[in-house]
Each structure stands twice: as structure tokens, then as C-alpha cells.
Amino acid sequence: MPTGASPPAVDEYPLADHYRLEMYAPQVGVGARVSVGQWIGNEGPPGDTAAAVRVHAPVTGEVTTLEGTTAGSTLLTVTREDAVADEVAPHAIPADCWLTPLNPETVSLTAFLDRLNEAGIVGLGGGGFPTAAKVALATGNGPAHAVVVNAVACEAGIDSDALILATALPAVATALGALRRVTGAPVVFALGARFKGDADRVRAWLNASVPDAELRQIPEAPAAGAERLLIDTLFRDSDRLRSVRDGQPPTAAGLLCLNLATLNAIGRALTNGEPLVRRAVTLAGSNHWLRIGHPFNALGIEGALRGGGFLSGTCVSREQAVRKTTLAIHPAVARPLPDPCISCGRCRNACPLDLDAEWLYRWIERPKATSSRRQELERNGLDRCFECGYCNLACPSDIDLLAALRAGKADLRGARQAETAQANASQRFIEREARRDANERAAAERRAARLAKRRQPPSSADHG
């Protein structure tokens, strides 16, 4: 095991018999034996930002199925070997599956970004955006402005940050030291009201491990941990917020926001060379380390399941498995049948972004072919919705506004993708026609040249 490896986690959930992962460009086939931590595929298709991010085997065993999906990805099943002691990651990761440890005090930006992709690290707060790409965006115009630690934990039912704070602060400190070096930015540690009782302990740890960091305690507020709202709370007097409020991502202003789970993964990937094979998950009210790919039907929860928090979560199939973006799994609670909307305005008042959920809901319910539907949804800010679920909580008619908003956002994405595909097809047609016209002109010119040559009178030399 590499020097400096973290101690075993005492809260790892018992392993399952089978693990199921979605990936692109699988590196193994059916019948192959894989070791825990082995590179077996990529997060995204060729050309996608996530194509460089690796997927690793969560256990040692045999690849028993490979199935294609309509999206072009592959579902891979690993059947675990009973005889292999995989009880605690990362200690069971074979030496040849570890990455070379990197010194966080001397690592370069290029080596740091490469390590994040090699270790398979994406945003573990639910977004899943490749972390290397996010760091690169924040440092694209020179040193970043700030590295923000998001430890706000603002939604009921998602409490996995508590496990990180209790067991993984050394790895978080390692990650922050490296980030401070490669980004050139100070650290701002945002601690939510949920962890008010831990403030003194976190402050003492920061003073000892990340001495230049600033601890900011975030008051309780709806969706206070949502990235844009957190950035607004921390930097509301900064000129850099102008571009964020105008719709640009925080990274465009040099503001790099990462959650505790992502930082823990970064720290372990640096000092231990550990690939991302597990994550902290809130499971029916308690927190555990779960392997990526752990099937939901092996979690010991009967009946229907709900993935995510109590506000923003959605029903999930028992046939699905833990992903890198899985935050929580709970028993599902049946929603009451909705009553008609009474236009009370409570959803609008509850929205942290002041979006008019009722107005958006009514437009989403219109036929998709309505010419003004897309323009109206875009004009009223549907894209800005980060799906916190407070509109659902406020609705006295029990309308699932969040499901409607998600469906509307999916419609917009689909319309834009279709528009892009049509534009690309039109461009390809134009280019093809241009090539055909050019080829026809060139052929006509060659024919004219040959004809002109034949019509030339014979020279005196030809008559000898």
C-alpha cells in the first residue's frame, strides 16, 4: 500500500454479489477478471468533456454481462469473487491498480488535472461535471479568485457530509493544499447551519491544516448550498458576481466551488493514488461508504425507493445502482393525488431564485408543438432552476411542480440538441453541395482543356 494511506473506514456498507456500472469505451469484455480499482471504461463518449474521466472496477470479480443502451453507453456487470477480501476500500486495491502518489506540495497544474481524470473524479455533489474540467475553467485566465468548500448540507435527507467531516478531514486538507497551490487562490470554507455544533472543531482543524483558509458560517436558508446562491452569499459585494448573475458559471469569474465528497476523493487520489470506487451516501437515515455500482435492490430497503433528498429526490428503480452522483437513497413515500392549481403564488414566494413556478408549469403543460412554448419557458428562466424542490413543499394542492420543471428542462435540452443536429446536418449538406459543385467545375475545366488541346492545329514538327 502507498505510504500515507488513510485508515480503513468503519462505516462501509456490506458488499453485494453483483455490481453494475454505466460507461463508454469499455476496456474489458465478458469473462474478464478485474481487480478492484482497475480501469474498465470512461465516463463519457469520445469528444465529450467526460471522455477523459475513467471508470474503475468497484470490486474484484468477473465481468459477466455487457449490454448496450439506447444512449450509446454500456452497462457492465461485475460478479464479485467470494474468496477475495474486498471488505474495505482502498486497502483491498491491488498494487498494480493504484496510481502513483503525487506530492500535493509540488504537483503541477497539468499533473493535477491528469490525476483527477485518471482517478475518475467528477463532482460528487450531484452535478457529476468532470472536476478536472472545472478546475481548468476556473484557472483558464490565470490564478483563480477563490476555492470555495461547500459544506452547507442544506437539504433534509442528504447528510453524507457528516461522514466526511467525521472521518475524512485529513484527505480534504490534502486536496485544499494542492488546490491552493495549482490555482493560486485562497480557500473559503463555507459551513452550513446543519454543522453549527462542529464549527469550533472545523475552525481548529483549518487553523492547523489550512492556516490561510477563511471559515464562513452560512445561515439557514432555502437551498443555501446551491452553488450560485452560495457564491452570491459569499461574494455579493464583489464585482466578480456581475458575470455570475448574468448567467455565466462561477468558474468564469475564477470561483471554484467544490463539495466535501469531491475534496475527499481528490486528497485520496493524490496521497494514496486511490481511484474513485466508493462514495459517502445517506442510506435511509444513516451514512455509509458505498461502492460505485452497488445495486439498489441489495440495500436492505423494501418497496419503492427515492433517490436524493426529501425535497429534490425522485423515485428510482430498484434495478438501478449507486452512481458517482448518488447522494441518498430512502424508502419512497407515495404522493397524494394533486388538486387543481389555485394560483395562490406560494410556489413563487418559496423559490430561492424568484422564478414563477406556476407560470412555468402552465406553459410546460401546453403542447410541445406550441410555437411560443420554448420562447416563453426560456424567457421566464426555466434554465435557471436548480431543482431544489421548495415549490413542491409550498404547494397546497400537492402538484408535483418539480417533476414538471424537470420535464420542461428536458424538453428544452432536447429541442436545442435537435436544433444543433439540424444545423449540423444543414452545414454538412451545404459543404457537400459545395464540394460537388467544385468537383463538377474542376471536371468541366479538365474536359474543356482536353477539347481545346484536340482542336489545336498540328504544329510543323508534327509534319516532320
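1. Ala-350 is buried, with a relative accessible area of 17%; buried means under 20% relative accessible area, exposed over 50%, and partly exposed in between, with a 1.4 Å probe and protein chains only. Ala-350 belongs to helix H9 (residues 346-350). Helices (H or I, at least four residues) and strands (E, at least two) are DSSP runs, numbered from the N terminus. Leaving aside residues up to four places away in sequence, Ala-350 touches Tyr-390 and Ala-394, where contact means heavy atoms within 4.5 Å. Ala-350 and Ala-421 are 71 residues apart in sequence, and their C-alpha atoms lie 37 Å apart in space.

2. On the basis of this note: this is a predicted model, in which local features need pLDDT of at least 70 and side-chain atom pairs count only at pLDDT 80 or more, while totals for chains, interfaces and linings use all residues. Residues are numbered from 1 along each chain as its sequence is written, and side-chain values use heavy atoms, with hydrogens and water left out.

3. Overall figures. The secondary structure of the protein comes to 13 helices and 15 strands. Of its 464 residues, 47% count as buried. Taken along the principal axes, the C-alpha atoms fill a box of roughly 110 × 60 × 50 Å. Among contacts with a separation of 6 or more, 70% are between residues 24 or more positions apart.

4. Helix H10 (357-364) is mostly covered, with 6 of its 8 residues buried. The buried residues are Ala-357, Glu-358, Leu-360, Tyr-361, Trp-363 and Ile-364. The cover over them includes H9, helix H11 (373-379), helix H12 (390-394) and helix H13 (401-455).

5. Asp-354 is found in the loop between H9 and H10. Its phi is near 65°, a positive value in a residue other than glycine. At 63% relative accessibility, Asp-354 counts as exposed.

6. Ala-153 has a positive phi of about 45° although it is not a glycine. This residue is in the loop between strand S7 (146-151) and helix H3 (161-167). With 22% relative accessibility, Ala-153 counts as partly exposed.

7. Helix H8. Of the 12 residues of H8, 11 are buried, so the helix is largely enclosed by the rest of the structure. Among the buried residues are Leu-260, Thr-262, Asn-264, Gly-267 and Arg-268. At 1.5 Å a residue, H8 should span 16 Å, and its end C-alpha atoms are 17 Å apart, which agrees. The expected span of a helix is 1.5 Å times one less than its number of residues.

8. Packing of H8 on H1. Two packed helices are described by the angle between their axes and the distance between the axes. Helix H1 (residues 109-118) and helix H8 (residues 260-271) pack at an angle of about 110°, with their axes 10 Å apart. Axes are lines fitted to C-alpha atoms, for helices over the stretch in contact, and angles run from 0 to 180 degrees between N-to-C directions. H1 and H8 are therefore roughly perpendicular to each other; angles under 35 degrees count as roughly parallel, over 145 as roughly antiparallel, 65 to 115 as roughly perpendicular and the rest as oblique.

9. Residues of that contact. Phe-112, Arg-115 and Leu-116 in H1 meet Ile-266, Ala-269 and Leu-270 in H8. The residues of this contact divide into 5 nonpolar, no polar and 1 charged. Here Ala, Val, Leu, Ile, Met, Phe, Trp, Tyr, Cys and Pro count as nonpolar, Asp, Glu, Lys and Arg as charged, and the others, Gly among them, as polar.

10. The sheet containing S1. An open sheet of 4 strands has the order S1-S6-S5-S2, with antiparallel pairing. Strand S1 (18-23) and strand S2 (33-34) stand at the edges, each with a single partner strand, so one side of each has no neighbour in the sheet. Two strands pair if DSSP finds at least two bridges between them. S1 and strand S6 (residues 74-80) run antiparallel and are joined by 6 bridges. Tyr-19 stands opposite Val-78 in S6.

11. Pairing of S15. Strand S11 (residues 278-283) and strand S15 (residues 328-331) run parallel and are joined by 2 bridges, and the partner of Leu-283 in S15 is Ile-329. Strand S13 (residues 305-307) pairs with S15 in the antiparallel sense over 3 bridges, and there the bridge partner of Arg-306 is His-330.
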